[in-house]
Amino acid sequence: MERLYFANRAKYANKLMVIFNIIYMATLVGTAILTHDKTQIVIISLLSLAVFTFYSGVRTFRSFKLKLNVHLYKWFRYESYDVLDGCLMFLIYLFGLSHSTEYGVKYMVAINFSSLVTDTQWDSYDAISTVAKIDISNRRFNLRKSIKNAYVLLVILLFSSFVMLMATIRFYEIDVMVLLIFLATELYYFLVYPFIALKASYLQIEWSPFVTTSNKVIALIIRFLATFLNTPFCLCIGQVAACTYQLIVYGLLYKKYGSKKVGN
């Protein structure tokens with residue numbers, strides 16, 4: 001998808017994503033109707049998506065030739081930030097969730113429900129950094145305009161979260177105060193994320209990928225260490241601390257190395 005967007009083939013990329021989601025929904029719902037075996041439902045859905053992804057990947061990359069001396073450096077410039085984020089977040093949730101759920105069912109339910117109504121929105125919200133990378137590489141990046149567009153997207157995503165919450169909360173026995181703490185943490189990150197993602201994307205590509213990624217690692221280490229705190233809200237504390245660190249550091253770095261170049 002991202003390669004197609006960089007190649008100005010957005011219509012084809014969106015077409016692939018629509019087909020991907022149609023296959024996902026059709027196999028998931030269709031298999032669930034035919035069988036109640038959860039293992040079969042998951043396997044059939046994932047295999048269908050894997051086949052389509054492999055086919056699309058072969059078609060998209062058949063003319064792509066890897067040049068190690070060029071593309072590995074470009075990969076580091078564009079993707080090291082996100083790749084390390086994914087790897088370290090695995091450890092954070094592995095230890096953090098294990099720790100939080102030790103305090104009882106009400107915390108486990110609250111965490112699961114909070115994730116249910118925000119995870120899809122986070123997947124969509126990542127589009128902010130994707131679009132920023134494309135704009136930066138095409139020399140058309142405008143921070144103010146990007147932040148404005150990000151908050152328009154945020155309003156849509158928060159509305160969808162609210163709809164999901166109201167539609168599904170009756171199926172759960174939830175401690176409302178515990179849930180509100182987890183949701184407040186997510187809301188805080190939602191609100192500051194555009195400033196973090198946009199400035200980090202610019203610094204990653206136009207200034208220093210090493211320094212930018214290193215600060216991301218520091219933030220994730222802070223978040224990881226917080227998972228060992230003796231509280232069921234260790235994930236919340238780590239998330240707030242990490243995103244506040246990034247908000248301050250990337251703000252200062254962008255002010256010093258980025259704002260004069262792009263004029264905003």
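Helices in this predicted model are DSSP runs of H or I with at least four residues, numbered from the N terminus. Ser161 lies in one such run, helix α8. With a relative accessible area of 10%, Ser161 falls under the 20% cut-off and is therefore buried. Leaving out residues up to four places away in sequence, Ser161 touches Val117, Thr118 and Gln121.

The chain as a whole contains twelve helices and zero strands. Along the sequence the pattern is accordingly written α-α-α-α-α-α-α-α-α-α-α-α. Of the 264 residues, 38% count as buried. Among contacts between residues at least 6 apart in sequence, 81% join residues that are at least 24 apart.

Helix α3, residues 38-61, has 24 residues. From the first C-alpha to the last, α3 reaches 34 Å, close to the 34 Å expected at 1.5 Å a residue. The buried residues in α3 include Ile41, Ser45 and Leu49, and Phe52, Ser56 and Thr60 are buried in this helix as well. The partners against which the buried residues of α3 pack are α1 and α2, the latter spanning residues 10-34. Helix α5 has twelve residues and reaches 16 Å between its first and last C-alpha, close to the 16 Å expected at 1.5 Å a residue. Within α5, Tyr107, Val109, Ala110, Ile111, Phe113 and Ser114 are buried.

Aromatic contacts were then considered. A pair of aromatic rings is described by the distance of the centres and the angle of the planes. The structure holds 16 aromatic pairs. One of them joins Trp122 and Tyr193, with 5.4 Å from centre to centre and 85° between the planes, an edge-to-face arrangement. This pair links distant parts of the chain, since Trp122 is in helix α6 (residues 119-125) and Tyr193 is in helix α9 (residues 176-207), 71 residues apart. Both Trp122 and Tyr193 are buried. In another pair, the ring centres of Phe141 and Tyr202 are 5.8 Å apart and the planes are at 25°, so the pair is stacked. Here too, distant parts of the chain are linked: Phe141 is in the loop between α7 (127-137) and α8 (143-168), Tyr202 is in helix α9, and the two are 61 residues apart. Phe141 and Tyr202 are both buried. Ring pairs also connect Trp122 and Tyr193 with Tyr125, Tyr189 and Phe190 in a cluster.

Elements that give two or more residues to the lining are α1 (2-6), α4 (68-101), α5 (105-116), α6, α7, α9, α10 (209-226) and α11 (234-257). The largest share of the lining, eight residues, comes from α9. By class, the lining of the largest pocket has 20 nonpolar, twelve polar and eleven charged residues.

Thr231 is placed in the loop between α10 and α11. The relative accessibility of Thr231 is 18%, under the 20% limit, so Thr231 counts as buried. Beyond its neighbours within four places in sequence, Thr231 is in contact with His99, Tyr103 and Ile237. The C-alpha atoms of Thr231 and Glu102 are 9.8 Å apart in space, while the two residues are 129 residues apart in sequence.

Arg139 is located in the loop between α7 and α8. At 65% relative accessibility, over the 50% limit, Arg139 is therefore exposed. Most residues other than glycine have a negative phi. Phi of Arg139, by contrast, has a positive value, near 60°.

Notes. Residues are numbered from 1 along each chain as its sequence is written. This is a predicted model: local features need pLDDT of at least 70, side-chain atom pairs count only at pLDDT 80 or more; totals for chains, interfaces and linings use all residues. Side-chain values use heavy atoms; hydrogens and water are left out. Rings of Phe, Tyr and Trp (its six-membered ring) pair if their centres lie within 6.5 Å; planes under 30 degrees apart count as stacked, over 60 as edge-to-face and the rest as tilted. Buried means under 20% relative accessible area, exposed over 50%, partly exposed in between (1.4 Å probe, protein chains only). Ala, Val, Leu, Ile, Met, Phe, Trp, Tyr, Cys and Pro count as nonpolar, Asp, Glu, Lys and Arg as charged, and the others, Gly among them, as polar. The expected span of a helix is 1.5 Å times one less than its number of residues. Contact means heavy atoms within 4.5 Å.
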